[in-house]
Amino acid sequence: MEYKAYTARNFRSIPQIMVLPEAIKKEMEIIARVLPFKSNSYVVEKLINWDNYLDDPIFKLTFPVREMLPANHFSQIENSVNASMPEAELQQLCNGIKMELNPHPAGQLEMNMPVFDGKKLEGVQHKYKETVLFFPSQGQTCHAYCTFCFRWPQFSGMEGMKISASHSDEFGNYLKQQKEVTNVLFTGGDPLVMKTSVLARYIEKLLEPGFEHIHTIRIGSKALAYWPYRFLTDNDSEELISLFRKVASAGKQLTLMAHFNHPVELSTKAVKHAIRVVRASGVEIRTQSPILKNINDSAKIWAKMWRTQVSLGCSPYYMFMARDTGAKQYFDVSLDRAYEIFREAYSKVSGVARTARGPVMSAAPGKVHIVGVSEAAGQRVFVLQFIQARKIDWVKRPFFAKYDPDASWLSDLEPAFGDEKFFWQDEFEAMSHLNLKNAIFQEEE
Ligand SMILES: *Cc1c(COP(=O)(O)O)cnc(C)c1O
Ligand code: SF4
């Protein structure tokens with residue numbers, strides 16, 4: 001299949017879109033001024049059921065829908081467009097709205113950037129001791145954009161909001177020194193939009209002497225779901241698969257952290273073929289997705305997704321809560337509901353699919369797992385724990401929040417049993433003020 005990208009600029013040329021009502025297309029253009037979208041020929045032809053597009057999960061995942069913007073913002077832009085507001089002014093208005101939608105949640109930019117040789121390492125995040133995230137600058141886009149995605153400021157052309165790295169030497173020197181790091185996670189955007197030759201430069205470096213402590217190289221990608229031909233027929237697919245083999249021959253594990261949001265993304269011949277080819281090259285595939293209203297908020301969907309993944313040799317990994325950004329209200333699922341969906345889906349699958357963990361909030365203090373809803377001392381509570389934490393000592397210590405059926409993020413929760421703070425809160429606040437790399441990872445006080 002030939003890759004063809006569709007954005008607000010050319011989406012009217014898609015045959016399946018041409019036949020849609022003009023009002024819908026106008027709405028899509030209005031939303032796209034704030035929430036940029038991008039789809040492609042494979043998604044349009046193989047994944048979306050156009051007979052029922054307004055209810056189609058993949059349509060809603062890659063094309064803008066009116067309800068994704070709060071009504072007041074929508075009419076503000078609509079009125080300005082109708083009143084022929086000058087383009088510069090319109091852009092300013094839309095940027096203001098983008099800012100309100102909180103493009104960089106959880107203090108990611110400020111808090112996790114390591115310092116090496118007195119310089120901040122842009123495009124690197126080191127939050128959890130063992131794992132370093134790397135955002136290669138050439139990989140800061142995707143094969144299609146997910147309308148829920150918190151990375152959208154990276155694509156939406158707002159200056160000063162991008163995280164990316166091009167100084168791979170500094171990154172390498174930093175890693176060589178950080179002997180407790182065992183994992184490097186290439187992320188973006190989608191690192192697999194990069195040409196293989198560019199990706200190889202980054203990855204082969206980690207196979208050189210000095211990086212023996214890095215046993216796992218991970219790549220976070222949605223290519224299997226949105227463009228499986230990346231592994232099959234792109235003009236540098238073969239080189240990509242050889243690169244994967246090279247990592248295995250060097251004695252390291254390459255793991256593809258594959259994003260799949262819906263079982264339909266696992267249903268085509270192309271994706272099944274791609275999964276076989278990738279696995280045959282020694283790569284392990286682990287799967288993750290946020291839980292999203294209007295897309296996958298049912299136990300049946302999750303159980304089917306996990307079962308299909310396992311049958312294809314992929315291991316379910318995380319169910320995430322949607323981040324507080326972008327079109328969150330459209331995709332929002334409460335903690336309570338997410339937990340019930342997780343529990344029911346988990347109970348429907350065999351042990352080999354119960355490698356999934358969730359629901360999980362990737363919040364500033366760490367990855368918080370909603371373990372369950374329970375009763376203690378006559379109170380209904382959420383039982384929570386850190387799966388990853390800014391301070392190692394916080395991990396796996398259960399803590400309790402007042403049950404709140406409407407809560408959908410950590411910031412909505414209050415400590416249970418009359419406590420004023422969660423056990424980790426004082427230390428976390430102190431770290432946030434210090435904002436120093438050495439305030440992180442303390443094993444002991
Ligand atoms: C999720 C995440 C990781 C990886 O966590 P694992 O539990 O090892 O998969 C690393 N760094 C950051 C900042 C993360 O959010
Ligand atoms: S592929 Fe990943 S990074 Fe890209 S838009 Fe989707 S969720 Fe975001």
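## Exercises on a predicted model

Being four residues apart in helix 2, Glu-22 and Lys-26 are separated by about one helical turn. The model is predicted, and the exercises below start from this pair.

**Exercise 1.** Determine what joins Glu-22 to Lys-26, and how accessible each residue is.

Solution. 
- Step 1: the closest N and O atoms of Glu-22 and Lys-26 are 3.8 Å apart, and the pair forms a salt bridge. The cut-off for a salt bridge is 4 Å.
- Step 2: an α-helix has 3.6 residues a turn, so residues three or four places apart point the same way.
- Step 3: Glu-22 has a relative accessible area of 37% and is partly exposed; Lys-26, at 48%, is partly exposed as well.

**Exercise 2.** Which residues of helix 2 are buried, and what covers them?

Solution. 
- Step 1: helix 2 spans residues 22-32, and its buried residues are Ile-24, Lys-25, Met-28, Ile-30, Ile-31 and Ala-32.
- Step 2: the cover over these buried residues includes helix 1 (15-18), helix 4 and helix 5 (71-82).

**Exercise 3.** Describe the interface between domain 1 and domain 2.

Solution. 
- Step 1: the domain assignment gives domain 1 as 5-100 and domain 2 as 105-282. Their C-alpha centres lie 29 Å apart.
- Step 2: 23 residues of domain 1 are in contact with 25 residues of domain 2.
- Step 3: about 1,800 Å² is buried between domain 1 and domain 2, with 69% of this area from carbon and sulfur atoms. On the side of domain 1, Lys-38, Tyr-42 and Leu-61 lose the most area to domain 2, together 37% of what that side buries.
- Step 4: zero salt bridges are found across this interface, but eight residue pairs are in polar contact.
- Step 5: strand 2 (38-40), helix 3 (41-47), helix 4 (57-62) and helix 6 (87-100) each give two or more residues to the side of domain 1 that touches domain 2. That side divides into 14 nonpolar, five polar and four charged residues.

**Exercise 4.** Is Thr-147 buried or exposed, and which backbone oxygen does its side chain reach?

Solution. 
- Step 1: Thr-147 is in the loop between strand 6 (131-134) and helix 8 (152-155).
- Step 2: its relative accessible area is 8%, so Thr-147 is buried. The cut-off for buried is under 20%.
- Step 3: the side chain of Thr-147 reaches the backbone oxygen of Lys-60 at 2.6 Å.
- Step 4: beyond its neighbours within four places in sequence, Thr-147 contacts residues including Leu-61, Phe-63, Met-68 and Phe-331.

Technical notes
Residues are numbered from 1 along each chain as its sequence is written. Chains are lettered from A and ligands numbered from 1 in the order in which they are written. This is a predicted model: local features need pLDDT of at least 70, side-chain atom pairs count only at pLDDT 80 or more; totals for chains, interfaces and linings use all residues. Side-chain values use heavy atoms; hydrogens and water are left out. Domain bounds come from an automatic or database domain assignment. Contact means heavy atoms within 4.5 Å. Buried area is the accessible area (1.4 Å probe) that two parts lose on being put together, summed over both. A salt bridge is a side-chain nitrogen of Lys or Arg within 4 Å of a carboxyl oxygen of Asp or Glu. A polar contact is a pair of N or O atoms within 3.5 Å; within protein, one must be able to donate a hydrogen and the other to accept it, and residues adjacent in sequence count only if both atoms are side-chain atoms. Ala, Val, Leu, Ile, Met, Phe, Trp, Tyr, Cys and Pro count as nonpolar, Asp, Glu, Lys and Arg as charged, and the others, Gly among them, as polar. Buried means under 20% relative accessible area, exposed over 50%, partly exposed in between (1.4 Å probe, protein chains only).
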